[in-house]
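Work through the exercises below with the sequence and the coordinates at hand. Each task is followed by a solution in steps.

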Amino acid sequence: MNTNMYENPIVQDNIARLRKFGIDVIEPDTGLLACKDIGAGKMPSEELLLEYILKEIRFKKDFAGKKVMVTAGPTEEAIDPVRIITNHSTGKMGYAIAKVAVQRGAAVTLVSGPVNLKPPAFTSIINVKSAQDMFNEVSSRAKDNDIIIMAAAVADYTPVNVSDEKIKKSDGNLSIPLKRTTDILKYLGENKKTGQFLCGFSMETKNLLDNSRKKLVNKNADMIVANNLKIKGAGFGTDTNIVTIITKDNCKELEQMDKEEVAKCILDEILYKNL
Ligand code: CTP
């Protein structure tokens, strides 16, 4: 509709009443309108409308009332103003989990390292860079969440000193001393509130099950989603994943599937087997 009509107090009052009765109102876009005026009143993008439709009809709302925090992507550890230490995580797995959890009715906070993905609609997104930033954002929100899923590839080490100036090259080799970062999942495991569910990820290149089971115990997690980086169709950057879901009494290898399908299986396992 035209901006003047949309902004008219009577229309706004009616929209507020609809919201009061629990109707979801999709805000119009702003821009050049059909009547050539510029302002609010445009039809929102088809992409956004589709997100609203999927949120309504794609899944049963079995996560309604649950607060879920998901971490995703890599972290970046600064060496100097020019260089960073990072990893190959693209964030796809964590973003898929956040998207499916929202569509199943959860209130989702997504704490994301630097990625090239659009945040899933209806999530509350917190952008971070370093492992320390991620620790700060996750630990300060942990108590508010029923389920925490740590899909981020968090750096285990960070430079001891960050140079204020660009490090100039000289002849010979260069070593950069590194120190350990805080293990966020372990911290969460040590400070778990009653009834809270903690899921970690484990990327391995060998001894997948043994190493992942150790992480489950050492970090006091309730579930570890493990994948072998050396298998085609699993791990960084791909649209599919091949994971093994490990809990205290169970170990279930899933076939290769789309990351959103994997997300659905992880969430099913959490809700129907564990909560
Ligand atoms: N993780 C974390 N904080 C860190 C490092 C990792 O919370 N500083 C979390 C990851 O988000 C993931 C899990 O721990 O959920 C396992 O990460 P991974 O790198 O596979 O294991 P590590 O415990 O770091 O052990 P290693 O690197 O020796 O395999």
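**Exercise 1.** Which residues have the most contacts inside the largest nonpolar core, and how many residues does this core have?

*Solution.* The model is predicted, so local features need pLDDT of at least 70 and side-chain atom pairs count only at pLDDT 80 or more, while totals for chains, interfaces and linings use all residues. Residues are numbered from 1 along each chain as its sequence is written, and side-chain values use heavy atoms, with hydrogens and water left out.

Step 1. Buried stands for under 20% relative accessible area, exposed for over 50%, and partly exposed for the range in between (1.4 Å probe, protein chains only).

Step 2. The largest such core has 34 residues, and Ile-97, Ile-149 and Ile-266 have the most contacts inside it.

Step 3. At least two residues each come from β3 (67–72), α4 (92–103), β6 (107–112), β8 (147–150), β11, β12 and α8 (259–274). The largest share, eight residues, is that of α4. Helices (H or I, at least four residues) and strands (E, at least two) are DSSP runs numbered from the N terminus.

Step 4. A second, separate core has 21 residues, including Met-69, Val-128, Ala-152 and Leu-198.

**Exercise 2.** List what Ile-266 touches, not counting residues up to four places away in sequence.

*Solution.* Contact means heavy atoms within 4.5 Å. With that cut-off, the partners of Ile-266 are Met-93, Ile-97, Cys-199, Phe-201, Met-223, Val-225 and Ile-245.

**Exercise 3.** Where do the buried residues of helix α7 lie around its axis?

*Solution.* Step 1. Helix α7 covers residues 208–218, and its buried residues are Leu-208, Ser-212 and Leu-216.

Step 1. These residues cover an arc of only 60° around the axis, so they sit on the same side of α7. The arc is that of the directions from the helix axis to the C-beta atoms.

Step 2. The face turned away from the buried side carries the exposed residues Val-217 and Asn-218. Among the elements covering the buried residues are β11 (197–204), β12 (223–228) and β14 (244–246).

Step 3. After α7 comes Asn-220, with a positive phi near 55°.

**Exercise 4.** Is Thr-3 buried or exposed?

*Solution.* Step 1. Thr-3 belongs to helix α1 (residues 3–7).

Step 1. Its relative accessible area is 10%, so Thr-3 is buried.

Step 2. Leaving aside residues up to four places away in sequence, Thr-3 touches Leu-33, Ile-38, Gly-39 and Ala-40. The side chain of Thr-3 reaches the backbone oxygen of Ala-40 at 2.9 Å.

**Exercise 5.** How many disulfides does the rule give?

*Solution.* Step 1. A disulfide is a pair of cysteine sulfur atoms within 2.5 Å. The count is zero.

Step 1. Take Cys-265: the closest cysteine sulfur, in Cys-199, is 13 Å from its own sulfur, which is too far for a bond.

**Exercise 6.** What separates the centres of domain 1 and domain 2, taken over C-alpha atoms?

*Solution.* Step 1. Domain 1 is 3–44 and domain 2 is 60–274; such bounds come from an automatic or database domain assignment.

Step 1. The separation of the two centres is 39 Å. Along its principal axes, the C-alpha trace of the protein chain spans about 70 × 55 × 35 Å.

How values were computed. A nonpolar core is a set of buried Ala, Val, Leu, Ile, Met, Phe, Trp, Tyr and Cys residues joined through side-chain atoms within 4.5 Å. A polar contact is a pair of N or O atoms within 3.5 Å; within protein, one must be able to donate a hydrogen and the other to accept it, and residues adjacent in sequence count only if both atoms are side-chain atoms.
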